[in-house]
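Have the model open beside you as you read.

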Amino acid sequence: PDVTDDELFEGILSLIFAAQKRLWIVSPYFLPNDMLSQALRIAGERGVDVRIIIPKKSDQRLVDLGRGPVLRDLAASGCKVMFFMPGMIHAKAMLVDDAVAAVGSANFDSRSMFLNFEVSSVIHSAPEIRAVEGWMNSLLTKTEPMSSEKTSNWRDTIEGIARLISPLL
């Protein structure tokens with residue numbers, strides 16, 4: 001927040017647009033802003049294997065409620081939303097094709113992108129990228145895909161309110 005440019009945000013956005021085959025994301029809190037959501041939707045629609053690995057239940061109920069509409073929208077665009085079932089996962093990482101991995105402290109939300117002091121390492125070394133891929137594959141064995149059930153209007157309303165409030169927390 002103490003620099004004029006949003007290099008972390010711009011870097012993540014660039015990585016999403018650069019993905020050609022695979023874009024895997026691990027984050028405990030997933031509340032992307034409209035621009036990141038649109039970039040992910042576009043990636044899913046153009047056939048990129050987009051997988052979002054998040055805890056089924058994080059330690060922030062409001063964030064869990066607020067993410068619902070975005071996750072359903074992304075799933076409708078071809079993205080795979082995978083819920084990590086054993087409990088909370090606090091890691092943050094991205095894997096783009098076989099070319100780049102990013103590991104750091106930033107959640108996939110506006111607070112991390114624009115308010116908090118966050119850092120991310122961008123990795124181009126093939127052995128380290130394979131290590132991140134192996135770790136993500138081990139997480140995927142403990143996930144379940146998001147249900148495609150239709151939600152009620154009441155739940156949509158509650159989730160919408162939660163989405164509006166959650167960036168303030």
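Which residues in H2 meet which residues in H4? Ser37, Leu40 and Arg41 come from H2, and they meet Val70, Asp73 and Leu74 of H4; contact here means heavy atoms within 4.5 Å. The residues of this contact divide into 3 nonpolar, 1 polar and 2 charged. For that count, Ala, Val, Leu, Ile, Met, Phe, Trp, Tyr, Cys and Pro are nonpolar, Asp, Glu, Lys and Arg are charged, and the others, Gly among them, are polar.

Before going on, a word on what you are looking at: this is a predicted model, in which local features need pLDDT of at least 70 and side-chain atom pairs count only at pLDDT 80 or more, while totals for chains, interfaces and linings use all residues. Residues are numbered from 1 along each chain as its sequence is written, and side-chain values use heavy atoms, with hydrogens and water left out.

Back to the helices. Two packed helices are described by the angle between their axes and the distance between the axes. H2 (residues 34-45) and H4 (residues 68-76) pack at an angle of about 25°, with their axes 8 Å apart. The axes are lines fitted to C-alpha atoms over the stretch in contact, and angles run from 0 to 180 degrees between N-to-C directions. That angle makes H2 roughly parallel to H4, a label for angles under 35 degrees.

Leaving aside residues up to four places away in sequence, Leu40 touches Ile16, Leu23, Ile25, Phe30, Val50, Leu74, Cys79 and Phe108. Leu40 is also among the residues with the most contacts inside the largest nonpolar core, which has 30 residues. Such a core is a set of buried Ala, Val, Leu, Ile, Met, Phe, Trp, Tyr and Cys residues joined through side-chain atoms within 4.5 Å. Elements that each supply at least two residues of this core include H2, H4 and helix H1 (7-18), and H1 gives the most, with 5 residues.

Ser77 lies in the loop between H4 and E4. Is Ser77 buried or exposed? At 10% relative accessibility, Ser77 counts as buried, where buried means under 20% relative accessible area, exposed over 50% and partly exposed in between (1.4 Å probe, protein chains only). Not counting residues up to four places away in sequence, Ser77 touches Arg41, Gly44 and Glu45.

How values were computed. Helix = DSSP H or I, 4+ residues; strand = E, 2+ residues; numbered from the N terminus. Parallel < 35°, antiparallel > 145°, perpendicular 65-115°, else oblique.
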